[in-house]
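Trainee: I would like to learn how to read cavities, pockets and helices in a model. Can we work through one together?

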Amino acid sequence: MSILCVGSVALDSVETPFGAAERVVGGSAVYFAAAATFFNPVQVVGVVGDDYPMADLDFLASRGADLSGVERARGESFFWAGRYHYDLNTRDTLETRLGVFADFEPKIPDGFRDARFVFLGNIDPMLQHDVLDQVRSPQVVACDTMNFWIDGNRDALLALLARVDILMVNDEEVRQLAGEANLLRAARWVQERGPEVVIVKKGEHGAILFAKDWLFYAPGYPLEEVFDPTGAGDSFAGGFMGHLARAGSMRPTDLRRAMVYGSALGSYACERFSIDRFRDLSDRAVHGRVEEFRRITAFETQVSVEEHV
Ligand code: AMP
C-alpha cells in the first residue's frame, strides 16, 4: 500500500565532532523516503529551488520513491544548518532558511490522493492541514513536528492533532507541547487531543510508543560509531510507516514490529552524512539488524530448573 509523504526537501550543512558536510541533500521527506522504500513505495510531495541537485535523489526513484510531486520553484531550496555537541544527542540549529518553502502551497497530484497511509513530515502545520484537505480517505495519518513549529504555529498544530492517528516527536518536543515534564503524562495530554498513538523518540536511548492502554519500548541500536545523527528521526518514521503500510494495519503486533524497524532504519542514518548510508544498504543487512534487536532485548521470564541446580 503506497505511502504519501509530505515534508521538507532540504539542503543541510552539518557540523559534528567528526567532520562537516556542506549543503548536502536532506530534509524530512528525503530521509523518510530513503528509509520507507525498503518496505513500500512512497509518493513524495515537496518543493525545491533551482539550486537543488535532484540527481542526488535518483537512487530513491529507482527504489520506489515517486518524486513527481516534488515541485521545482524559482529561488533557494529550504536550508538548515546545525551543529552537534560532543555527546551527539543534542544539537544547536545555526540557521533555518525557508526559501521556496515560504510560498509553498502543496498540490497533491490526483494519483496520490487515494493514499491510505500518510506521513506529514516536519513542516509548517498549516501546510500539513492543506495536505490532509486533499487526501480522500486515509486509513492512518502520522505526523512529525519540532520546536520551531510548536513555538511558531501552536494553534494550527493543536487543531491538526484532532486529524492525526500517530504523533511522532522527541522527548523535548512532547514536553514543550504538553507543558508537562513527565513523558507518560505528556503523551496522555496529546492523546486527549486526538492521536491514538504517541511515539516519543529519545535519540540514542530509543523510542517509546504510547497506545491507549499499553506501551512499548524499542532501544536505540548500540552503534560503535555515531557519525551524524541528522535525519535519524525521519528515518525512524520511514522504517515505522514503511512496515505499517506493508502490513496494512495498526494492530499492536504490527505497531511493535514497526517500532523495531523504525529504530533499525534510524540507526543507519547516523552512520554517514546525509542519506549516504542508504545508497548501498541491502535488505539483508536491515533484516540482520532487526534480528539483532530481538537478541539484545529477549530474555527468559522464569529461571529454569537446570539453572537452580
Ligand atoms: P531529524 O534529525 O530527524 O530531526 O531531521 C533533520 C532534518 O530536518 C534535516 O535534514 C533538516 O533539513 C530538516 N529540518 C530541520 N529544521 C526543519 C524545519 N523547521 N522544518 C522542516 N524541516 C526541517
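Trainee: Which residues line the largest cavity?

Mentor: First, the ground rules. This is a predicted model, where local features need pLDDT of at least 70, side-chain atom pairs count only at pLDDT 80 or more, and totals for chains, interfaces and linings use all residues. Residues are numbered from 1 along each chain as its sequence is written, and side-chain values use heavy atoms, with hydrogens and water left out.
Now the general idea. On a 1 Å grid over the protein atoms alone, a cavity is a set of points where a 1.4 Å probe fits but cannot get out; lining residues have an atom within 4 Å of a point. Here the lining of the largest cavity is Val-9, Ala-29, Val-30, Ala-33, Val-44, Leu-57, Leu-60, Leu-67 and Val-70. Two or more of the lining residues come from each of α1 (28-36) and β5 (65-72). Helices (H or I, at least four residues) and strands (E, at least two) are DSSP runs, numbered from the N terminus.

Trainee: How many cavities of 30 Å³ or more are there?

Mentor: The count is one. The largest cavity holds about 40 Å³ of space. A volume is the space filled by probe spheres set on the points, and grid points are joined across faces, edges and corners.

Trainee: Which element gives the most to that cavity's lining?

Mentor: α1 does, with three residues. In α1, nine of nine residues are buried.

Trainee: How does the cavity lining divide by class?

Mentor: Ala, Val, Leu, Ile, Met, Phe, Trp, Tyr, Cys and Pro count as nonpolar, Asp, Glu, Lys and Arg as charged, and the others, Gly among them, as polar. The cavity lining has nine nonpolar, no polar and no charged residues.

Trainee: What volume does the largest pocket have, and which residues lie nearest its centre?

Mentor: A pocket is an open set with protein on both sides within 12 Å along at least five of seven lines. The largest pocket has a volume of about 1400 Å³. It is lined by 50 residues, with Tyr-84, Arg-91, Asn-170, Pro-229 and Gly-233 nearest its centre. Elements giving two or more residues include α1, β6 (78-84) and α8 (232-247). The lining has 18 nonpolar, 21 polar and eleven charged residues.

Trainee: Which element gives the most to the lining of the second largest pocket?

Mentor: α11, with six residues. This pocket has a volume of about 260 Å³.

Trainee: Why does the length of α11 agree with a helix?

Mentor: The expected span is 1.5 Å times one less than the number of residues. α11 (residues 283-297) has 15 residues, so it should span 21 Å; its end C-alpha atoms are 22 Å apart, which agrees.

Trainee: Which residues of α11 are buried?

Mentor: An α-helix has 3.6 residues a turn, so residues three or four places apart point the same way. In α11, Val-286, Arg-289, Val-290 and Phe-293 are buried. They fall within an arc of 100° seen down the axis, so they line one face of the helix. The arc is that of the directions from the helix axis to the C-beta atoms. On the other side, Arg-284, Arg-294 and Arg-295 are exposed.

Trainee: Where does Glu-292 sit?

Mentor: Glu-292 is in helix α11. At 30% relative accessibility, Glu-292 counts as partly exposed.

Terms used
Buried means under 20% relative accessible area, exposed over 50%, partly exposed in between (1.4 Å probe, protein chains only).
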